[in-house]
Protein chains: 2
Amino acid sequence: MSLKLNLDIQKFLSEAWQRQPRLIRGAFTQFKDLVEPEILAGLALEEGVDSRVIQNDDGKWHVSHGPFESYEEFGEHGWTLLVQSVNEWIPEVQQLIAPFRFLPDWRIDDVMISFATENGGVGPHLDQYDVFIIQGGGTRHWQVGERINNATEFCPHPDLKQLKDSFEPIIDAVLQPGDMLYIPAGCPHNGVALEPSLNYSVGFRAPNTAELAAAVADSLSQLEVPLQRYRDAEATSYGKPFAVSAAQLDHVREFLLSSLAQTDLNHAMLLVMSQSKRPLPQAEGLLQAEELAQYIVEEPTMLLVRTPGARILIGPNNVLYANGEAWPLTSNTQAFAEAIAQLWEDQPLTALAPLLQSQESMLLC
Amino acid sequence: MSLKLNLDIQKFLSEAWQRQPRLIRGAFTQFKDLVEPEILAGLALEEGVDSRVIQNDDGKWHVSHGPFESYEEFGEHGWTLLVQSVNEWIPEVQQLIAPFRFLPDWRIDDVMISFATENGGVGPHLDQYDVFIIQGGGTRHWQVGERINNATEFCPHPDLKQLKDSFEPIIDAVLQPGDMLYIPAGCPHNGVALEPSLNYSVGFRAPNTAELAAAVADSLSQLEVPLQRYRDAEATSYGKPFAVSAAQLDHVREFLLSSLAQTDLNHAMLLVMSQSKRPLPQAEGLLQAEELAQYIVEEPTMLLVRTPGARILIGPNNVLYANGEAWPLTSNTQAFAEAIAQLWEDQPLTALAPLLQSQESMLLC
Ligand SMILES: O=C(O)CCC(=O)C(=O)O
Ligand SMILES: O=C(O)CCC(=O)C(=O)O
Ligand SMILES: [Co+2]
Ligand SMILES: [Co+2]
């Protein structure tokens, strides 16, 4: 199977991305499922896997959260199992992200997979995330509407919130395996399975003002950088001690906005952008430079594997960021750092060996 | 004892507050200690009380953290016991804050009390907080220097950080009971006990950029207000997926600053300003309006007591804020809300009864 994406990327970026929904027929030629429904269902039995079953019972909706013990109670049709971050659990699924790396890595959220029985669906809703939905085995009837709200958040709740009103579809199609929908944040959508079917949602995260501000501020607090401290506006009287006047409040606000604007946020932002969605598995002992050198000689076919879910970035300051940590690069380590940041499919060590000549770059591992 | 503060407040606010250290002789006439050294020492044996002992051993400094089991090991001289937030533990000490309510309540941090043995002190240092230090029993030799850094944080560590270099004192005095120092944030200071002595530090907090931004953003996240979400700048190519360009970073920064500037932060800021320093004691069942009405009639001498450490504010939006929660006021509840926000010393219920005539205002309790 080829995971080559049939898409005019320039055209897509200039016309659709973050703006217009798109139906891309045959986005993946001869698409074959990356996971069996049984494996997906098995995954949702596990502790630590984020999953839901959504049932549609004659217009009444019901949500159950995993881990599940069995699926018997849900019956033969009218329900969907949704499993989040499957790319972190099943390496094959991580590969479905690679074709979307024409978009910035730090925006990648996860691959959610849904298995729907006949008539199953999650109902008409909208999300705060941009998503590519790829049809796997089976078929689904999808409808997508025009963007409802382009600037502000419609439903800040993390749980799926359905739309009260119906929407006017501008895309109305039955998806066949390998077809793909692109749905920008804020576009209402609704998919109903015509037969048991799998859908793969490659999601892109976009922090809102408060999420970004909180994360950047937390990161800033941990860095020992000079920061301004609040001072009260000069006054000969502050009035009643408990009364916060409009002028005092403006002064606090002004301090917040202007001191933030005067602070160098770049390093803190990059640390935040490199934070993974969920805690990454702990490394079983860090690789020492000597060990790596030894492996290159003795086990050249050994594979270098990207930890699924890791966000590995390189900033304009020539610093490597991963998992909220930073490693400054030098001219000796630059090429190796770029190679591991680019790495998506497993690579034999030999392929990277030439970049690992200097002792220094080994310290990056 | 009178806790009347002998200070020309207008002059102090226009010349000293947040700018210049001051020595105020006889700030409190016939000052009597609000706590015995033995009680203070006993408090620092308790779990949950924040305390330290700082020892000066021939120029070597040593810090131990409470709770302590005994003070024997520290010997007869050269050490200081510092106990934080004593106002929250000992009601008499809470009263020492009242004279400073010419400053905004939300800035009040706590009353720290130190008991120093002969030659005890914490060494030359500076703080990020404005503080009034009142000399209790005993005498101390204090030196205070000019503000070192008026805008940015010098030592972001929470632990006392001593100054490497000595400073030029502009105040150099032996404090007698009832004398008071005012030390603005950033002014180096050093106090050495000439004999066993107590000092009371009435401290004023001032959040730095990151602390304020994090708290306001967290508060904003919990309010279900519409918030903007990040979108990538429009581009026909984003370059290498792992490379965050300077332009992309600017775009994230610009989103953060401009969307924050476009957000109404007032309510979130007031919630944050009303958060207490430490978790307040849980109320033993909320008072019902009917119960209060009954108490007024049946037990008119019952006292209304302010929870020490509570920050009770009224915003320009006519909302009462306390402990990170909000209660909108009406013309019926306004007067009662102001009375409880103003309340510092215990008051008999009867004094407030006239304000509690309407059923509505009782709901505020
Ligand atoms: O797979 C589904 O049924 C729902 C997918 C969806 O709504 C999404 O990914 O946003
Ligand atoms: O009481 C002491 O010895 C130290 C007090 C002090 O430095 C302060 O309150 O800032
Ligand atoms: Co959706
Ligand atoms: Co100090």
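In the predicted model, the donors of the cobalt ion (ligand 3) follow the spacing H-x1-D-x61-H along the chain. These donors are His125(A) through NE2, Asp127(A) through OD and His189(A) through NE2, and they coordinate the ion at 2.0 to 2.1 Å.

With a relative accessibility of 22%, Asp127(B) counts as partly exposed. His189(B), by contrast, counts as buried, at 2% relative accessibility.

The contact between the two chains was examined next. Chain B contributes 80 residues to the contact and chain A contributes 80 residues. The area buried between chain B and chain A is about 7,500 Å², and carbon and sulfur atoms give 60% of this area. On the side of chain B, the residues that lose the most area to chain A are Thr209(B), Arg229(B) and Phe242(B), which together make up 12% of what that side buries.

Between chain B and chain A, 30 residue pairs are in polar contact, counting pairs with both residues at pLDDT 80 or more. Several elements of chain B each supply at least two residues of the side that touches chain A, namely helix 1 (9–15), helix 5 (209–222), helix 6 (246–261), helix 7 (266–273), strand 13 (312–314) and helix 9 (334–342). By residue class, the side of chain B that touches chain A divides into 44 nonpolar, 20 polar and 16 charged residues.

Across the interface of chain B and chain A, 8 salt bridges are found. One salt bridge is formed by the side chains of Glu338(B) and Lys240(A), with an N to O distance of 3.0 Å. Arg19(B) likewise forms a salt bridge with Glu234(A), the closest N and O atoms being 3.5 Å apart. Since Arg19(B) lies in the loop between helix 1 and strand 1 (22–24) of chain B and Glu234(A) in the loop between helix 5 (209–222) and helix 6 (246–261) of chain A, this pair joins two chains. Arg19(B) is partly exposed, with a relative accessible area of 25%, while Glu234(A) is exposed, with a relative accessible area of 59%.

Over all chains, the whole structure contains 24 salt bridges. Within chain A, the side chains of Asp179(A) and Arg25(A) meet in a salt bridge, at 2.7 Å from N to O. Asp179(A) lies in the loop between strand 8 (169–175) and strand 9 (180–183) of chain A and Arg25(A) in the loop between strand 1 (22–24) and helix 2 (37–43) of chain A, so the pair ties together parts that are 154 residues apart in sequence. Asp179(A) counts as buried at 5% relative accessibility, whereas Arg25(A) counts as partly exposed at 46%.

Within chain B, a salt bridge links the side chains of Lys277(B) and Asp110(B), at 3.9 Å from N to O. This pair also links distant parts of the chain: Lys277(B) is in the loop between helix 7 and helix 8 (289–298) of chain B and Asp110(B) is in strand 5 of chain B, 167 residues apart. Lys277(B) is partly exposed, with a relative accessible area of 35%, whereas Asp110(B), at 3% relative accessibility, counts as buried. In chain A, salt bridges that share partners join Lys11(A), Glu15(A) and Arg22(A) into one network.

Finally, the surroundings of a glycine in chain A were considered. Gly309(A) is located in the loop between strand 12 (303–304) and strand 13 (312–314) of chain A. Gly309(A) is buried, with a relative accessible area of 14%. Apart from neighbours within four places in sequence, Gly309(A) is in contact with Glu88(A), Gln94(A), Ser276(A) and Leu280(A). The C-alpha atoms of Gly309(A) and Ile108(A) are separated by 9.0 Å, although these residues are 201 residues apart along the chain.

Methods:
Residues numbered from 1 in each chain as written. Chains lettered and ligands numbered in written order. Predicted model: local features only at pLDDT ≥ 70, side-chain atom pairs only at ≥ 80, totals over all residues. Heavy atoms only, no water. Contact = heavy atoms within 4.5 Å. Buried area = accessible area lost by both parts, 1.4 Å probe. Salt bridge = Lys/Arg side-chain N within 4 Å of Asp/Glu carboxyl O. Polar contact = N/O pair within 3.5 Å; in protein donor to acceptor, adjacent residues only side chain to side chain. Helix = DSSP H or I, 4+ residues; strand = E, 2+ residues; numbered from the N terminus. Nonpolar A, V, L, I, M, F, W, Y, C, P; charged D, E, K, R; others polar. Buried < 20%, exposed > 50% of the residue type's maximum accessible area, 1.4 Å probe, protein only. Donors = N, O, S within 2.8 Å, 3.2 Å for Na, K, Ca; no water.
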